[in-house]
Amino acid sequence: MNNITIIPLFVIIPLAAAFLTSLVGKFIKRSSETIIFISSLALFAFSLYARFLLNSAAGKIMVYKIGGWMPPFGICMVLDGLSCFMLITVNLIAFFVAVYSLSYMEQYTDKPKFFTLFSLMVCGMNGLIITGDLFNLFVFLEIASIASYALVAFGTEAEELEASFKYAIMGSVASAFIFIGIAFLYSFASTLNMADMARVLSNKQNEWVIPFVGVLFLMGFGLKSALVPFHAWLPDAHPAAPASISAMLSGVLIKTLGVYSLIRIFFNIIGATQGYLAVLMFLGAISMIAGVVLALSQWDFKRLLAYHSISQIGYVILGIGLGTPLGILGGLFHLFNHSVFKSLLFLNSGAVDYATGTRDLKETGGLGKLMPVTAKTNLVASMSIAGIPPFNGFFSKAIIIIACLEKGNFGYAICAVIGSILTLASFMKVQKFAFLGEIKDKFKNIKEVPFTMLFPMVCLAVICIFGGLMLIPSFRFFLDDAVAVILKGTSYASVVLEAAAK
Amino acid sequence: MRNNPETGMTLIVKTITRLTVGLILLFGIYIILHGHLSPGGGFAGGVIVALSFVHLMLAFGKDVAVARISKNMASNLESIGAMMFLLVALLGFLGGSFFLNILAKGNPFNLFSAGTIILSNISIGIKVGVGLFAIFLALVVLEKSK
Amino acid sequence: MILYFLCLMLFCVGLYGVLRKRNIVKMIIGLGIMEYAMNLFFVLIGYRFHGRAPIDAKDQNIFNMVDPLPQALVLTSIVIGLAITALVISIAIRIYEKYGTFDITKIKRLKG
């Protein structure tokens, strides 16, 4: 048992928790809640500990060989700066969402099944992040996707089923494109290990395979991450799910399945050229504007938030697509910040739904007096997403805009500013119609939500306020290591293969 | 397998089913156990096992099949199969690595060879067999409720 | 080469079913066809002319086998396809209970 044994635990713990809850959850009361609480807390603690171990590891990389097989033949798991960054983001949100679900899911029947699916989704995302094998990535992607299709339909009401059907069909088409891309890469490179594939691709020249595969992956992962031409499923699927799952879907699922895989494949395997980066920047910019314009006219609280997810993913993709160290830093920092404040906003919407039974902004109003904690955390999150200075959203958006200016892309910088202003307008509407103003008569008797729902909201709000501190030099290693992995590009191959050979 | 003419298909189908269902089940188990020697394995064998129950259900009606394996039992067995597979994988930690094949490999082409692969095949067989049956059962139940 | 082309055609048939059909059961069938096409494509990639099945048997020397890796991967992909199909069919049945129709143009309670 040495240090690298921690790596497979990120898959083992949620998988064991998923099947244990479905096994004992029916017989022993409250056992499923206990198992999920312990497992998600353990995952969060382990992800922080992995970050600590990574600091002392040689070359800031740890490679685990499953079954003792050497990398080009067996599957290996790679923990580097980028995976560690994503692991902490996913497990942080998953822990708070699990705590929130303990009370929130009382409205639904069959909690053990919910927690099984939730754990499987976390297992899929963690596995996708740490795997070093391309087909393994596809399998984990499908585990997370199938669990999320089922979770969207969890309420089994008419709208939820319709949204889930749409999501499942679009997601399957996306998976088909990704699978065909992997098949082409395999036939070209005769290997599935990501590091080995990067090595083969950089030595073997071909004029049409790589651009073709790039387009397939862009379609597949673009659909998974809901970039604008492929975004049609997101505004239906995310509001239909239970609020805690909406927080997971918008907060981390689209980023893990879409953005992380896109980064890993485009930067570390295929090798990003200026052409890809220009496409990514363009898609990011239109997502940014289109998402927020569509959000302005929404009256359903959760649907409005879902459109903002499209817009904020646009910022992340724009930042990463710039390809400069500052742009990538801004993109990744915004990815983390967006996970925090978007899940907080969805948890707020769940709290409003839990207390009043409606999410229509025309019907609510004046909830600020009766639900003070929800209103205050929502104010923090709204300020954050709109980019008001002391909160974390300001810093990441500012970095992205500065990076745009630095690279000379003034048009994209102006787009980012406009998007930010429209976001502010949209969230002023939320504040006005949900929490300020006069209270309606029928909501006179509502109470604040229970403690297990308040605790995650308060914690996430605190992270929103102090998130900007991550940019000061002594904490920056968290982001800088992730940026370093992306900037290394295809030399990822030699780093991983050397670490594995030890 | 009582012969109730009210439910299920005709007498011919029922008689043939009664003769073949055991053989199908046995064939599924054979495929699972010889997964490391010949084509097939946990998934293929599990599907055949599930098909024997589905066969029973189609010929004799839902109740006869459910009397063999109820829906609750199917979902429990499925979880147990998954846990068994995870345990086999965790067994590798005794030798130092996740999924490491720590048991003695034996001689090639013998039934008891290839270490933990046969254990994995059995657990996958259980999971797939009851899992597929549970899916079929769930779809039938859904159809009845409308 | 013609085999790969036929694969592509099968994939397009499936995609046409998913995108253009109004009945959701036909959409699910289209999804299935698409999955078969991509599995077929992946198996074809590993094929060699006059290759034999990649099974290790007693008293046989191993030569000219087809690539076994795509076959193992396709098995995984078939399992994934099974899971998706089962899930989508059960959703379709529930949709029929709620809406009373399989027509996708009549199933639009979600707006915007």
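How many helices and strands does chain B have? The secondary structure of chain B comes to 5 helices and 0 strands, with helices (H or I, at least four residues) and strands (E, at least two) taken as DSSP runs numbered from the N terminus.

Some housekeeping for every view: this is a predicted model, where local features need pLDDT of at least 70, side-chain atom pairs count only at pLDDT 80 or more, and totals for chains, interfaces and linings use all residues. Residues are numbered from 1 along each chain as its sequence is written, while chains are lettered from A and ligands numbered from 1 in the order in which they are written.

**View 1. Chain B as a whole.** Reading along the sequence, you get the pattern α-α-α-α-α for chain B. Its C-alpha trace spans about 60 × 30 × 20 Å along the principal axes. Of the 146 residues in chain B, 37% are buried, that is, 20 or more other C-beta atoms lie within 10 Å of the residue's own, with C-beta atoms placed from the backbone (12 or fewer makes a residue exposed, anything in between partly exposed). Take the contacts in chain B between residues at least 6 apart in sequence: 66% of them join residues at least 24 apart. Here a contact is a pair of residues whose C-beta atoms, placed from the backbone, lie within 7 Å.

**View 2. Helix α2 of chain B and what follows.** Most of α2(B) is covered, with 15 of its 19 residues buried. Next comes G61(B), with a positive phi near 90°.

**View 3. Chain B against chain A.** This contact draws 14 residues from chain B and 11 residues from chain A. On the chain B side there are 8 nonpolar, 6 polar and no charged residues. For the sorting, Ala, Val, Leu, Ile, Met, Phe, Trp, Tyr, Cys and Pro count as nonpolar, Asp, Glu, Lys and Arg as charged, and the others, Gly among them, as polar.

**View 4. Chain A against chain C.** Here 29 residues come from chain A and 28 residues from chain C. On the chain A side, α5 (134-152), α6 (158-189) and α9 (234-240) each supply at least two residues. The largest share, 17 residues, is from α6(A). By type, the chain A side splits into 19 nonpolar, 5 polar and 5 charged.

How values were computed:
Contact = placed C-beta atoms within 7 Å.
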